[in-house]
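Visitor: Please show me the model, and then let us go through it by question and answer.

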Amino acid sequence: DEEGTLRSLAWTESLTAAVRPHAVAAVLRDITFTQERYDSFIELQEKLHQNVCRKRTLVAIGTHDLDTVCGPFTYTAKLPADIHFRPLNQTQEFTAVELMSLYKTDSHLRHYLHIIEDKPAYPVIYDSNGVVLSMPPIINGDHSKISLKTKNVFVECTATDLTKAKIVLDMMVTMFSEYCELAYRTETLSSEFINRKVGINESTERIAGLLTKMCLRSQPTGAGDQIQVEIPPTRSDVIHACDIMEDAAMAYGFNNIPRTTPGTYTVANQYPLNKLTELLRQDLAAAGFTEALNFALCSQEDITDKLRKKLFETRAAHIANPKTAEFQVARTTLLPGLLKTIAANRKMPLPLKLFEISDVVLKDETKDVGARNSRRLCAVFYHRSPGFEVIHGLLDRAMQLLEVAPARGTGYHIQAADDSTFFPGRCAEVFVCGVSVGRLGVLHPDVIQRFELTMPCSALEMDLEPFL
């Protein structure tokens, strides 16, 4: 029954894991063997078995004539008495138990018997018809042995070390891929395109030579300045004509490309808002606050119910098809992210002093996309006492850094305000030159509780863009 089958699969997988847990494979197609190539192929396996494979203990290689077997292939483990097949160069079938006895006197294979002989089950690879390809790391089956007539080679590596298995497989494939019929493709492009993009002035023949130097065999087609480029299957990075142009530039030598003055005169400079942000980050950290960086998306609940706000107040941009409740809207305030950070670090020593300078997203009908980013500063202080004076002090330090004097009208000042997120009577609005830029105060106990916190918390959030 199905349940019994599943139990059986789990049992064989656990046995395989106990003896040789890993298997990787590849196919060499349209290979052409000569006696010399065949001997080299066998010798390469033996050399790898002795060094990288550590005498087959780490990796064992099996090579088979793909046309004699039928995939998909199954790597499993069975009791020695249940494994029956005709091994390489033998005329009759043996069980695995009989093979272990047979090869005890074999000058070559007896050195590998110890790897699995004390295991409760032996690894074995089958094709879809139940034909045994190999019993690694001892012997391959005779049915799928390769010969000079073999055109497609199936290479399997079973291993106790997956990294070594991949290394060995890569070596086998790369060493003999040159004898396979590989799928090359050709592309055509003009030398004028390369000259213009790179900034040089070379002949069509010269550019074809540069590309050939980069292993992209190229030649002029004779039709104007067109070049036909042969792209090997090893160059999966060559997707567009620009990729070929880049190779030509490397072959020419980047240092050999003549320097020219751009047609448009420009001077690079840091974006002013980012420069202000970087300067503030350094000094807020020096004031004893730790910077946090949170996701720009959050749940709808984070900016509404948890902050005691109504949805229409938020001006939030909603995600059309959110994949998770944690990423439903673009954040309209930095405060929930910092409160979540505190909740995730409640075991850290108190007080917790965090800040973040990042963008929030607000709906704005005057913008092409219907929303705009706004750079904000937010800081929180979490301790046994609210610490409003600490947050107020940070505001004064920030204003000092922004070179705004404490004065009504021409500087900054704070005045009492009502905000449902803050404790009644413990909230103040920050005004700069008579314009409101943010708020600070002690958070409402309901807000603290909804973010799974247990102690008082004071916070400051203000817009930085008016200070540019």
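**A covered strand and its surroundings**

Guide: In this predicted model, β9 is covered on both faces: Val153, Val155, Cys157 and Ala159 on one side and Phe154, Glu156 and Thr158 on the other are all buried.

Visitor: How many of the residues of β9 are buried?

Guide: A residue counts as buried under 20% relative accessible area. Phenylalanine 154, for example, has a relative accessible area of 7%, so it is buried. Strand β9 is mostly covered, and the count of buried residues is seven of seven.

Visitor: In what order do the three strands of the open sheet stand?

Guide: Strands of a sheet pair through backbone hydrogen bonds, either parallel or antiparallel. Here the pairing is antiparallel, and the order is β1-β9-β2.

Visitor: Which strands stand at the edges of this sheet?

Guide: A strand with a single partner has one side left without a neighbour in the sheet, so it stands at an edge. That holds for two strands, residues 22–28 and residues 59–65. From one strand to the next, the twist averages 15°. The edge strands are β1 and β2.

Visitor: Which residue of β9 is the bridge partner of valine 27?

Guide: Strand β1 runs antiparallel to β9, residues 153–159, and seven bridges join them. In β9, the partner of valine 27 is phenylalanine 154.

Visitor: Which residue stands opposite phenylalanine 154 on the β2 side?

Guide: Strands β2 and β9 also run antiparallel, joined by seven bridges. The residue opposite phenylalanine 154 is histidine 64.

Visitor: What angle does the direction of helix α2 make with that of β2?

Guide: Helix α2, residues 35–50, packs on the sheet. It touches β1, β2 and β9. Its direction makes an angle with that of β2 of about 165°.

Visitor: At what angle to β1 does helix α4 run?

Guide: Helix α4 is formed by residues 162–176 and lies across β1, β2 and β9. Its angle to β1 is about 10°.

Visitor: Is the pair of phenylalanine 33 and tyrosine 38 stacked or edge-to-face?

Guide: A pair of aromatic rings is described by the distance of the centres and the angle of the planes. Six aromatic pairs are counted in the model. In the pair of phenylalanine 33 and tyrosine 38 the centres are 5.9 Å apart and the planes stand at 80°; planes over 60 degrees apart count as edge-to-face, so this pair is edge-to-face.

Visitor: Which residues does the cluster of ring pairs link?

Guide: Phenylalanine 33 is one of them, and it is buried, with a relative accessible area of 9%. The cluster is linked through ring pairs, and its members are Phe33, Tyr38, Phe41, Phe176 and Tyr179.

Visitor: How many residues apart are phenylalanine 73 and phenylalanine 154?

Guide: These two form an aromatic pair that is stacked, 4.3 Å centre to centre with 25° between the planes. The pair links distant parts of the chain, since phenylalanine 73 is in the loop between β2 and β3 (74–78) and phenylalanine 154 is in strand β9. Their separation is 81 residues.

Visitor: Is phenylalanine 73 buried or partly exposed?

Guide: Its relative accessibility is 26%. Buried requires a value under 20% and exposed a value over 50%, so phenylalanine 73 counts as partly exposed.

Visitor: Over which ring does the charged end of arginine 56 sit?

Guide: Arginine 56 lies in the loop between α2 and β2 and is buried, with a relative accessible area of 6%. Its phi is near 70°, a positive value in a residue other than glycine. The charged end lies 4.0 Å from the centre of a ring, that of tyrosine 112.

Visitor: Where does lysine 306 lie?

Guide: Its distance from a ring centre is 5.1 Å. The lysine lies over the face of phenylalanine 451.

Visitor: Which residue does a cis peptide bond join to proline 136?

Guide: Omega of this bond is about 0°.

Visitor: Which residue does a cis peptide bond join to leucine 350?

Guide: Here too omega is about 0°.

Terms used:
Residues are numbered from 1 along each chain as its sequence is written. This is a predicted model: local features need pLDDT of at least 70, side-chain atom pairs count only at pLDDT 80 or more; totals for chains, interfaces and linings use all residues. Side-chain values use heavy atoms; hydrogens and water are left out. Two strands pair if DSSP finds at least two bridges between them. Helices (H or I, at least four residues) and strands (E, at least two) are DSSP runs, numbered from the N terminus. Axes are lines fitted to C-alpha atoms, for helices over the stretch in contact, and angles run from 0 to 180 degrees between N-to-C directions. Contact means heavy atoms within 4.5 Å. Rings of Phe, Tyr and Trp (its six-membered ring) pair if their centres lie within 6.5 Å; planes under 30 degrees apart count as stacked, over 60 as edge-to-face and the rest as tilted. Buried means under 20% relative accessible area, exposed over 50%, partly exposed in between (1.4 Å probe, protein chains only). A charge sits over a ring if NZ of Lys or CZ of Arg is within 6 Å of the ring centre and within 35 degrees of the ring normal.
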